[in-house]
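Have a look at the model first, then read on.

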Amino acid sequence: MKDVAIVSFAQSHCQRDAGACNEVELIMPVISEALEAVGLKNAQDVDFTCSGSCDYQQGAAFAFVMGVDALGAVPPIKESHVEMDAAWALYESMLKISMGQAESALVYGFGKSSPGELPTVLSQQLDPYYLAPLWVDSVSLAALQARVLLDQGLITEQDMAAVVARSRLNAMNNNPHAQLAGEVSTEELLAQAPWVAPLRKHDCCPISDGASAMVICTVEKAKAWGKPYAVISGIDHRMESHNIGARDLTRSVSTELAAEKAGMAGGPVEVAELYAPFSHQEIILSRALGLDDSTEINPSGGVLAGNLMMASGLSRIGEVAVRVMNGDIRRGVAHATSGPCLQHNLVAVVEAA
């Protein structure tokens, strides 16, 4: 197995509504930025390309194929796609490189969520026989999870508000791409009325349009390009039952297992970027990963500051990689999720060379 290096990362602004800008127009700037950062001109300059998106957002079968127009279809390229967050496209690309079938790869994810009702669209991730026909939206399921935590005394509403306040402050200080940023007190947040009880609107990630992209390669290729790079020293993903009633919603067992298999315990974790679409889920994930006060959690503000559906998982990995490449930290962990109530979870350990 060959070590894999991240050599560049780019992401768009998190926009509430990109208007007439289509998916190709969202993708092209970030792909160009990611490629240009390592002196590449186009997708033909890498050995493999993999994307992550969801056709349900665009409302058409094989709609992801339209995104390939951002790459240039001629001459032909080796290309693949996952109907998941682009963090899983990164995983597929890493397998290609690790098995010696490629030395470099372009990974990107995109989503335009504004035209539809995203919480309702996400109900199609549910069990197709019992839950999906009920059209239970993602916010209602998260509210159910939060209620279980509160009723068992595992968290308080103050804890949830503190997560949001820190997210907004971190986004204001560190993230020019954020959709929601600013300084707000927990008291101000708790004074707001419940939206889908016990969740208030600020407990839920915003709906955002945008894309992100990354170039990865072998360590040898990164050295040949002469660019700063970060090494993905470990990565793993696990999933739990799609039956909401068949698992403990107060824990993320799959995250615990993925972190173990990715080798997270092999050293200190300075920064953790967690894909927590709801405030209480950041607490669940922090506990699953065993994080303490020595780890800075979501310095970018996380997805509570802006949620590029199908790209934010890749962005979590990119945020950690950028800090490693800039020399700000030596080691960090990134997390991505998909499915209701943290069903699928991916953990990546990113380190300095």
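**Helix H11 and its neighbours**

In H7, Asp-159, Met-160, Val-163, Val-164 and Arg-166 meet Ser-279, His-280, Glu-282 and Ile-283 of H11, where contact means heavy atoms within 4.5 Å. Keep in mind that this is a predicted model, with local features needing pLDDT of at least 70, side-chain atom pairs counting only at pLDDT 80 or more, and totals for chains, interfaces and linings using all residues. Numbering starts from 1 along each chain as its sequence is written, and side-chain values use heavy atoms, leaving out hydrogens and water.

**H7 with H11**
- The axes of H7 (residues 157-174) and H11 sit 8 Å apart at an angle of about 95°.
- H7 and H11 are therefore roughly perpendicular (65 to 115 degrees).

**H6 with H11**
- H6 (residues 138-151) and H11 (residues 279-288) cross at roughly 60°, and their axes come within 9 Å.
- Ala-142, Gln-145, Ala-146 and Leu-149 of H6 make the contact with His-280, Gln-281 and Ile-284 of H11.
- By class, the contact of H6 with H11 has 4 nonpolar, 3 polar and no charged residues.

**Ser-123**
- You'll find Ser-123 in the loop between H5 (118-121) and H6.
- Ser-123 counts as buried because its relative accessibility is 1% (the cut-off is under 20% relative accessible area, with a 1.4 Å probe and protein chains only).
- Leaving aside residues up to four places away in sequence, Ser-123 touches Ala-132, Trp-135 and Val-136.

Note on methods: Axes are lines fitted to C-alpha atoms, for helices over the stretch in contact, and angles run from 0 to 180 degrees between N-to-C directions. Helices (H or I, at least four residues) and strands (E, at least two) are DSSP runs, numbered from the N terminus. Ala, Val, Leu, Ile, Met, Phe, Trp, Tyr, Cys and Pro count as nonpolar, Asp, Glu, Lys and Arg as charged, and the others, Gly among them, as polar. Buried means under 20% relative accessible area, exposed over 50%, partly exposed in between (1.4 Å probe, protein chains only). Angles under 35 degrees count as roughly parallel, over 145 as roughly antiparallel, 65 to 115 as roughly perpendicular and the rest as oblique.
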